[in-house]
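Student: Please take one part of this model and go through it closely. I would like the salt bridges, with the criteria spelled out.

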Amino acid sequence: MEHNRKQKLLMIIALVVGIASLSVGFAAFSTTLNISSSASVTPSSADFAVKFSTSQTSLVTDAVVHSSKTTGITTTNGTIVNSVSPTLSNLSASFTSPGQYVEYTVYARNEGEYTAYLNNINYIGDKTCITSSGTTESLVQSACNSINITVTIENTTYDDTTPISSHALAKGASETIKVRLEYAENGTAVDGSFKITFPSISLVYSTIDNSSMDGKVVRVVSGDINTPGSVVAIGNEQFYVFDKENGNVKLLSMYNLRVGNSVDEEWNVTPLTNTTGIQDSEARGYVDGEFPFIGTTAFSNTNSTYSGSIVEGYVNNYKTYLTNMGVDISSARLIKKAELEKLGCNEDDYSCSDAPSWVYSTSYWSGSARDADFVWSVISYAGFVDSDSNRDDDVGVRPVIEISESIF
């Protein structure tokens, strides 16, 4: 019996990547292109979308079945979720010996209106190997080094150092992505079972061919991290520096998120059908006389508590989107009343007129409640008011992101 038990242990090596994922991030135009004194072009992030698909010719999100594998191993089907950060997850296999592999094939489809450029492939986290009871640790660590994940786009296999340049995906086109989990033929055999978790992998597409990014997802665009009003980019999402604290740089998004509603001249509220969950130059909430107002949303459908609110959900999704670019986000939230007052807003006269103009360039919720039902908000005419948390027709979501100054 003991001999049979050992034989079975030799045949079980579990490779688990269910909590790892392959993600498509994207960055959109974030500024206005001035064409002349009387005309401008303002692209919308709603018109830029790269999604995962199981079909090359149309957007399909069926279960992702392996496209090839070694005979005798078991696999799971992958799952596609095309939300704010499109994700392919739950890829896994159970290997029994060196020389085995499984490969999954999906497609990145450009469902937007612009050519999309692949600018970065980020590996987020580390590969970890967890030894099961009764398995020799030294053998596991040796075997761990020979079990890897690779991503091939069209005919190029990428790791986190592979240079990317002029990689375009035309409107309506798709490109093949192959994810391969492989236990090298010359890999170490082990005497029991163990589990491997791989890092998440993020593919960052943009409306511009920004190969000069060269892996620098976080960049200072203008000024420096010590000066309020300086501009920092995460991917192509842009932010204003407004403070530093405890080794973190505090960043206020340049625009509101494209979520929630559109409000017309009659103040009719209509849910947006083309939300993106990321910043959009059109998403500014209330701007006097500039209908429609884009990106308005209630703070909550219950009370003024941030935890569990509608806006918290939007902010958390945005944090995931940025994290999938390979950025370690210390905190994602809404700006606090005290922070707005430090910038120049004043509760006594309900005004932010003494603050820099970028503080009130959009209308948005703060994260600070006035009482059980009202929340402080900034209005684009330099107003600093308390708004009913259920109101959904004038202000939006403008996140604050905190990242370590060491990233720069």
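Tutor: The side chains of R258 and D280 form a salt bridge, with an N to O distance of 3.3 Å; the term stands for a side-chain nitrogen of Lys or Arg within 4 Å of a carboxyl oxygen of Asp or Glu. R258 sits in the loop between strand 23 (248-253) and strand 24 (261-263), and D280 in the loop between strand 25 (269-271) and strand 26 (293-296), so the pair ties together parts 22 residues apart in sequence. Strands here are DSSP runs of E with at least two residues, numbered from the N terminus. R258 is buried, at a relative accessible area of 3%, and D280 is buried as well, at 0%. Buried means under 20% relative accessible area, exposed over 50%, and partly exposed in between, with a 1.4 Å probe and protein chains only.

The model is predicted: local features need pLDDT of at least 70 and side-chain atom pairs count only at pLDDT 80 or more, while totals for chains, interfaces and linings use all residues. Residues are numbered from 1 along each chain as its sequence is written, and side-chain values use heavy atoms, with hydrogens and water left out.

The structure holds 18 salt bridges. Another of them joins K171 and E113, at 2.9 Å from N to O. K171 is in the loop between strand 16 (168-169) and strand 17 (174-183), and E113 is in the loop between strand 11 (101-110) and strand 12 (116-124), so this pair links parts that are 58 residues apart in sequence. E113 is partly exposed, with a relative accessible area of 45%.

Y117 has A168 in strand 16 as its bridge partner.

R391 is partly exposed, with a relative accessible area of 37%, whereas D394 counts as buried at 8%. Elsewhere, salt bridges that share partners join E245, K250, R333, E339 and E402 into one network.

Notes. Helices (H or I, at least four residues) and strands (E, at least two) are DSSP runs, numbered from the N terminus. Two strands pair if DSSP finds at least two bridges between them.
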